[in-house]
Amino acid sequence: GMTDSDLDSLFLRIIAGEIPADVVHDSERVLAIRDINPQAPTHVLVVPKTRYRNAAELATAEPDLLAELVRVAGEVAEREGIAESGYRLLFNTNEDAGQTIFHVHLHLLGGEPLGGLTG
Ligand code: 5GP
C-alpha cells in the first residue's frame, strides 16, 4: 500500500510525468489536474511545482505563487463554464481537515450547488 512518503511525493511524481494525470493546466510554476475521486462535477487540484506542505508555508515563502494558484483556478473555472454559476476554493491543512497529500494543493469545486461550508 501507499506509505506517507509515497503520498508526500505523489504530486512531484505527477509533475515529473512518472504518474499519469488528467492535466487541465500546465505552466512554468503550476500544474492543475482533475481529482481522481471527484466530490463535485468539476473537482480540480491546482498544485505548485515547488513543494510546500501547506498553504501557510506557501504564503510565507512565495506569496506571489499562492496568488498564481488562485488566478489559475479562476481560469480553469472559466474554461469549465462554472465561473458564473459559482465554485469553491479550499485548502486542507493537517489531520482534522483530512489533508492526505502534504504538498499544498488548491481544490476547485463546482458544477452543482455545493451546500454549506463543509458540504
Ligand atoms: P487533501 O485531502 O490532501 O486536500 O486532498 C487530496 C486529494 O487528492 C483528494 O481529493 C484525492 O482524491 C486526490 N488524489 C489522491 N491521489 C490522487 C492521484 O493519484 N491522482 C489524482 N489526480 N488525485 C489524487
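Reply: Start with His-43: leaving aside its neighbours within four places in sequence, this residue is in contact with Arg-34, Asp-35, Pro-38, His-107 and Leu-109. The model is a predicted one, and what follows is computed from it. His-43 belongs to strand β3. It counts as partly exposed, because 16 C-beta neighbours fall inside 10 Å, whereas a buried residue needs 20 or more. Ala-67 gives a distance for scale: 24 residues separate it from His-43 in sequence, and the two C-alpha atoms are 19 Å apart in space.

The strand itself comes next. β3 is mostly covered, with six of its seven residues buried. On one flank, β3 is joined to β2 (residues 30-34) by five bridges; β3 covers residues 42-48, and the two strands run antiparallel. Two of the facing pairs can be named. Val-46 in β3 is opposite Ala-32, and Leu-45 in β3 is the bridge partner of Ile-33. With β5, β3 also pairs in the antiparallel sense, again over five bridges. In general terms, the pairing of strands in a sheet goes through backbone hydrogen bonds, and it can be parallel or antiparallel.

These pairings are part of an open sheet of five strands, ordered β1-β2-β3-β5-β4 and paired antiparallel. At its edges are β1 (23-26) and β4 (87-90), each of which pairs on one side only. On average, neighbouring strands of the sheet are turned by 15° against each other, with direction ignored. Helix α3, residues 63-80, lies across β1, β2, β3, β4 and β5 (106-110), and runs at about 150° to β3.

Leu-106 is a second residue to look at, this time in β5. It counts as buried, because its C-beta atom has 21 neighbours inside 10 Å and the cut-off for buried is 20 or more. Not counting residues up to four places away in sequence, Leu-106 touches Val-46, Leu-69, Ala-73, Leu-89 and Phe-91. Thr-50 is 56 residues from Leu-106 in sequence, with a C-alpha to C-alpha distance of 14 Å.

Last, the chain as a whole. It has three helices and five strands, which follow one another from the N terminus as α-β-β-β-α-α-β-β. Its C-alpha trace spans about 35 × 30 × 30 Å along the principal axes. The radius of gyration is 14 Å, which agrees with a compact globule, because a globule of 119 residues would have a value near 14 Å. Of the 119 residues, 24% are buried. Among contacts with a separation of 6 or more, 53% are between residues 24 or more positions apart.

Methods. Residues numbered from 1 in each chain as written. Predicted model: local features only at pLDDT ≥ 70, side-chain atom pairs only at ≥ 80, totals over all residues. Pairing = 2+ DSSP bridges. Helix = DSSP H or I, 4+ residues; strand = E, 2+ residues; numbered from the N terminus. Axes fitted to C-alpha atoms, helices over the stretch in contact; angles between N-to-C directions. Contact = placed C-beta atoms within 7 Å. Buried ≥ 20, exposed ≤ 12 C-beta atoms within 10 Å, placed from the backbone. Rg over C-alpha atoms; globule rule 2.2 N^0.38 Å.
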